[in-house]
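Let's take a walk through this one together, starting with a pair of strands and then moving on to the aromatic rings. Keep the viewer open as you read.

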Amino acid sequence: MDLRFNLVTLGTISWSMRRVLANQKPNLFFTLVIATQLVEDSMLKLDRICRDANVKLVLVRSYGLAGFVRISVKEHPIIDSKPDHFLDDLRLNNPWPELKSFVETIDLNVSEPAAAHKHIPYVVILVKMAEEWAQSHSGNLPSTREEKKEFKDLVKSKMVSTDEDNYKEAIEAAFKVFAPRGISSEVQKLINDSCAEVNSNSSAFWVMVAALKEFVLNEGGGEAPLEGSIPDMTSSTEHYINLQKIYLAKAEADFLVIEERVKNILKKIGRDPSSIPKPTIKSFCKNARKLKLCRYRMVEDEFRNPSVTEIQKYLADEDYSGAMGFYILLRAADRFAANYNKFPGQFDGGMDEDISRLKTTALSLLTDLGCNGSVLPDDLIHEMCRFGASEIHVVSAFVGGIASQEVIKVRFIFLSHCFKFS
């Protein structure tokens, strides 16, 4: 993992923070800012400055037994998104010529020796069965529940004995034949994005997206570059190795096409054709079906124009009401401090008065957010006053640990957390 980025951490009393928030020219030569324990007004101001300078911002706060980590950035592309559930890129319903040729060399009707029938890879079985089905169904693949069941029965009918694991695997993997062809709607949206019309200022990611768009419309025939890997399966060693070579060869050929298109695009926009490294393009190709783009609202948009429906939903959800309640109360505490020059419960004495004032402040904030009629549990308000804006070592360490993980992962994905500990 490449961690070569410049970093600055800002605290509420640091000279850097004072210069930035005092509107002095901050010389933002760094690429990432971590700001801790800032109140709302300072968060909004720093976020605007970082956005204008295209600097990533991580806001971290520990407050009693609660805390949060907030990431703010204009956009963050994710190449290796690692989705929880994703189909293997086997192209069973859209085989390319080399895979078709290999499949045609294997006869499913061979029964002697029996071992040969038991060691035909399920990829071969399903490609053949898909072709056989399409020939008798006007070129269409199974789409309805009944047709999918019939297709599985067709595969099962080719078994010559009950102990053929390769056919059992084929039946279990039959759903891969029914998967839609082409790219996902998310990738389609990405290549249709206005940023895919690149210029000299475009990032490497958008240059590769532009190349992907050209590939999908031309050499790919509507498909993304092949990933090139195949899963384990019951097969003879010879069949499996040959199949693996075919997939790897196709993936390499697709990569070379994308690489050439990337170079041509870079040359067209006046950039060095070799400025995007080959490993970067290869990783992009391998994960082209899983590309994601995260765009984030400014903190000011979150605070000034919140999603009322989402806030009300989480306030009413038993599992999330506590976290959302503390999110509201953290903002209410900042408003309280602005009005009374102290945080609720910060000093000995006057606790009852602070509780009453915080409750009024929180209700006012909810009204301003558009959540008229929403209320917060009294025990959360009491707890917030009991915190007294303290920084508890173990909580601060935990929140800091979460923040450090997010900083390390900042190239891959951004998360936002709100925690309560008891």
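Strands β3 (residues 56–63) and β4 run antiparallel to each other, and seven bridges pair them. Keep in mind that you're looking at a predicted model.

How many of its residues are buried? The strand covers residues 66–72, and seven of its seven residues are buried, so it counts as mostly covered. In a regular strand, side chains alternate between the two faces of the sheet. You can follow that along β4: Ala66, Phe68, Arg70 and Ser72 point one way, while Gly67, Val69 and Ile71 point the other way. Whichever way they point, all of these residues are buried.

Next up are the aromatic rings. Searching the whole structure turns up nine aromatic pairs. One of them is Phe326 with Phe387: the ring centres are 5.9 Å apart and the planes meet at 20°, and because stacked means under 30 degrees, this pair is stacked. Where do the two partners sit? Phe326 belongs to helix α15 (residues 321–340) and Phe387 to helix α17 (residues 378–387), so the pair ties together parts that are 61 residues apart in sequence. Both Phe326 and Phe387 are buried.

Another pair is Phe336 with Tyr340. Here the centres are 4.7 Å apart and the planes are at 50°, so this pair is tilted. Both residues lie in helix α15, four residues apart, which is about one turn of the helix.

Look for Trp133, Phe151 and Phe178, which ring pairs link into a cluster.

The charged end of Lys282 sits over the ring of Phe255, 4.5 Å from the ring's centre. Arg331 does likewise with Phe303: its charged end sits over that ring, 4.1 Å from the centre.

Notes:
Residues are numbered from 1 along each chain as its sequence is written. This is a predicted model: local features need pLDDT of at least 70, side-chain atom pairs count only at pLDDT 80 or more; totals for chains, interfaces and linings use all residues. Side-chain values use heavy atoms; hydrogens and water are left out. Rings of Phe, Tyr and Trp (its six-membered ring) pair if their centres lie within 6.5 Å; planes under 30 degrees apart count as stacked, over 60 as edge-to-face and the rest as tilted. Helices (H or I, at least four residues) and strands (E, at least two) are DSSP runs, numbered from the N terminus. Buried means under 20% relative accessible area, exposed over 50%, partly exposed in between (1.4 Å probe, protein chains only). A charge sits over a ring if NZ of Lys or CZ of Arg is within 6 Å of the ring centre and within 35 degrees of the ring normal. Two strands pair if DSSP finds at least two bridges between them.
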